[in-house]
Amino acid sequence: MFYICRRDVIFLKRFEQNLEPCVYYASCCDFGPSDLDEAPTLWDTLPAYSASNHDISLAPEIVKTIENTVDNLDPTLRTMSLQIHAHPELMFEEKYAHDILSDFMESHGFTVTRHYLGLDTAWRAEYVHGKGGRTLGINSEMDALPLIGHACGHNLIAVSGVGVAIAVKSALQIHNVPGKVVLLGTPGEEGGGGKIILLERGGYRGMDACIMCHPSVGVPNSASLVSTLAMQSFDVEFFGHSAHAGAAPWEGTNALDAAFVAYSSVAALRQQIRPDHRVHGVIQGTEGAANVIPDYAKMKWYIRAPTRDQLVTLRQRVQACFHGAALATSCRVNIVSSMVYFDLHQNSVLAEDFFNTISSRFGVTLGSRLKSGASTDFAQNTNSNTNDILELPSIHPSFAIPTLPKGGNHSPAFAQSARTTEAHKACMAITKGLASTGFRVINDDKFFHEVLTCRSFSPFCFWRHRLTCDVTMPGNRGLPGFQNLKLSYSVQ
């Protein structure tokens with residue numbers, strides 16, 4: 001019996017003109033393009049999900065309500081998305097987005113709290129129907145990136161959250177289902193940890209589940225539900241002593257040298273860290289003169305790892321580079337650490353229901369099954385030991401939008417992609433799927449029980465069944481001792 005692992009992967013494929021299955025062995029030391037990146041395309045069709053214990057579909061009239069509501073909102077959501085895209089605002093400065101989104105939710109019958117929980121650009125929109133019932137939480141991100149604007153597509157995330165919330169509200173009203181919808185406008189995702197701050201201040205208290213989405217690169221009309229990397233950033237300052245660089249350089253202590261030694265040390269460290277760990281940083285500019293020994297230098301660093309525990313180990317090794325650089329150059333160093341973004345855990349029952357909906361209704365296919373190299377402040381909500389708060393069942397699917405080659409997230413090309421008609425169309429399909437799954441959280445007791453009792457997943461993919469493949473190798477094609485091999489593997 002074989003099990004799929006991260007490096008030694010066995011793929012199965014049928015040739016178009018040869019129906020005999022073949023086995024492909026990917027080397028753990030293959031330094032060419034990763035076979036893992038090709039995994040989703042190696043199947044003639046994607047593996048089917050196992051039948052769940054719950055009915056995978058909502059009543060047709062509820063589906064119609066949700067989809068009609070999103071369709072009716074579509075032109076307005078498109079306009080708001082373009083407006084936010086045209087007014088990019090950095091973390092915790094999202095005043096324009098705060099105002100147009102909170103005004104829009106208020107106009108649709110939601111009770112809106114602006115400047116929520118002490119964050120000037122956070123907001124909360126709440127709708128309650130009937131008495132009792134469960135509470136669905138939704139996130140709308142709003143912030144852009146320095147210099148390159150909405151290069152992570154938060155304009156799409158913002159209007160998707162709005163669409164989900166209003167669609168679920170309509171379904172609660174029309175079909176007289178008791179429940180509550182809470183949409184949070186969450187600022188500062190790009191390094192500021194806005195959701196973490198809201199979590200610590202009680203913004204997610206009372207929610208039974210929370211959902212959102214994110215645009216990404218990928219196969220057209222596809223979506224992915226994978227984990228993200230844990231992340232932490234550092235502001236690193238080196239302090240030295242100025243001197244005339246020509247007349248008496250020996251009297252100075254060069255802080256810029258310390259920054260360059262630190263950068264080189266991290267570069268040397270990279271070959272000794274795990275391939276799924278990430279370290280990246282910049283030396284931030286100054287206006288110092290070239291003939292003055294710099295007495296100050298500042299750097300910004302990010303580190304990422306698959307889990308919080310691995311992040312702690314990586315942090316110790318990277319910070320040792322900073323301290324070593326200070327020691328080597330006789331400078332003083334000051335390191336200010338940001339809050340930690342945890343690794344994202346997706347709820348497998350929510351994920352399966354969501355994917356079944358978008359695949360059956362809109363033909364959306366399963367995209368990447370690999371752990372994302374990105375990070376999110378939403379991950380804190382999905383971990384069970386954050387400030388003694390129990391794990392909040394959540395999903396955070398990414399969906400593909402059309403992009404240029406090498407035009408992925410955090411690039412100017414992606415910012416242009418995030419305003420296209422095709423990107424908006426993909427976003428609306430995902431919005432309908434999230435609204436359908438979110439409504440089931442409120443309406444379906446058996447489904448919600450499964451949500452609560454399932455194990456959230458962190459790694460790679462979310463199948464909850466065993467997939468068995470039989471591979472027959474004719475004697476003249478098989479490996480010695482492997483004729484008539486029966487290959488069975490499990491993806492959890």
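F322 is buried, with a relative accessibility of 0% (buried means under 20% relative accessible area, exposed over 50% and partly exposed in between, using a 1.4 Å probe and protein chains only). Welcome to a predicted model, where local features need pLDDT of at least 70, side-chain atom pairs count only at pLDDT 80 or more, and totals for chains, interfaces and linings use all residues. Residues are numbered from 1 along each chain as its sequence is written, and side-chain values use heavy atoms, leaving out hydrogens and water.

**Aromatic pairs**
- There are 5 aromatic pairs in the structure; rings of Phe, Tyr and Trp (its six-membered ring) pair if their centres lie within 6.5 Å, with planes under 30 degrees apart counted as stacked, over 60 as edge-to-face and the rest as tilted.
- One of them joins Y263 and W301, tilted because the planes stand at 45 degrees, with centres 5.6 Å apart.
- Y263 belongs to helix α5 (residues 255–269) and W301 to strand β12 (residues 296–305), 38 residues apart; helices (H or I, at least four residues) and strands (E, at least two) are DSSP runs, numbered from the N terminus.
- Y263 is partly exposed at 34% relative accessibility, whereas W301 is buried at 0%.
- W301 also forms a tilted pair with F322, at 5.8 Å centre to centre and 45 degrees between the planes.
- F322 lies in helix α6 (residues 308–329), so its pair with W301 in strand β12 ties together parts 21 residues apart in sequence.
- Ring pairs join F234, Y263, W301 and F322 in a cluster.

**Charges over rings**
- K169 lies over the face of Y127, 5.0 Å from the ring centre; this requires NZ of Lys or CZ of Arg within 6 Å of the ring centre and within 35 degrees of the ring normal.
- R440 has its charged end over the ring of F447, 4.4 Å from the centre.
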